[in-house]
Amino acid sequence: MSHFIPGGFKVVLYHDQPIPDLPSTDLIQKCSDTQSFRSILEQNRLSIRVLGCTSEVFHQLPSNLIPFKLDTIYVMTSSSSASPLLTNENAAPQLISVLSEKELILRVLLDVVDCFHQQSINYRTEGNNGLADACRQIVVNVLEYIKQHNEYLCPP
């Protein structure tokens, strides 16, 4: 599915405990140890757009492992104030603090929806209806997943 996005699209989530209720796919890769995290970053450096990890893990990353196309970094914290991760030279990615796994999962899924919805519009504008429909189907599938797990992801 990630091949529908020019340049690729991947979300990489690092958490020391496996994140339940979110399947690993070619769009979303999960890992629970530093070695796996670094390996995923090395193998997918050109296609990673969203990264989820703790500030400690991010600070320990060598600069050559930080993805080029990084749009968003979700920092899992225990309080609402995240320590600054980025210097001015690499301040392009948006830094968002998340307080729970539920919030992280929901935000990541909404990033996938946004990316594929925008690409669907681009393909439709270019007249490539087959790829536009494929991207739109991914959006529908992700929204259906959110709906099926609504009680977990969006408690009242």
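**View 1. The exposed face of helix 1.** On the face of helix 1 that is turned away from its buried side lie the exposed residues Gln35, Glu42 and Gln43, where exposed means over 50% relative accessible area, buried under 20%, and partly exposed in between (1.4 Å probe, protein chains only). Helices (H or I, at least four residues) and strands (E, at least two) are DSSP runs numbered from the N terminus. The model is predicted, so local features need pLDDT of at least 70 and side-chain atom pairs count only at pLDDT 80 or more, whereas totals for chains, interfaces and linings use all residues. Residues are numbered from 1 along each chain as its sequence is written, and side-chain values use heavy atoms, with hydrogens and water left out.

**View 2. The buried side of helix 1.** In helix 1 (residues 34-43), the buried residues are Phe37, Ile40 and Leu41. Because they cover an arc of only 100° around the axis, they are on the same side of helix 1; the arc is that of the directions from the helix axis to the C-beta atoms. These buried residues pack against strand 1, strand 2 (28-31), strand 3 (48-53) and helix 2 (55-60).

**View 3. Asparagine 44 in its loop.** Asparagine 44 is placed in the loop between helix 1 and strand 3, and it counts as buried because its relative accessibility is 14%. Apart from neighbours within four places in sequence, asparagine 44 is in contact (heavy atoms within 4.5 Å) with Lys10 and Gln29.

**View 4. The start of helix 1.** Here a side-chain oxygen of aspartate 33 comes to within 3.2 Å of the backbone nitrogen of glutamine 35.

Definitions and conventions. Polar contact = N/O pair within 3.5 Å; in protein donor to acceptor, adjacent residues only side chain to side chain.
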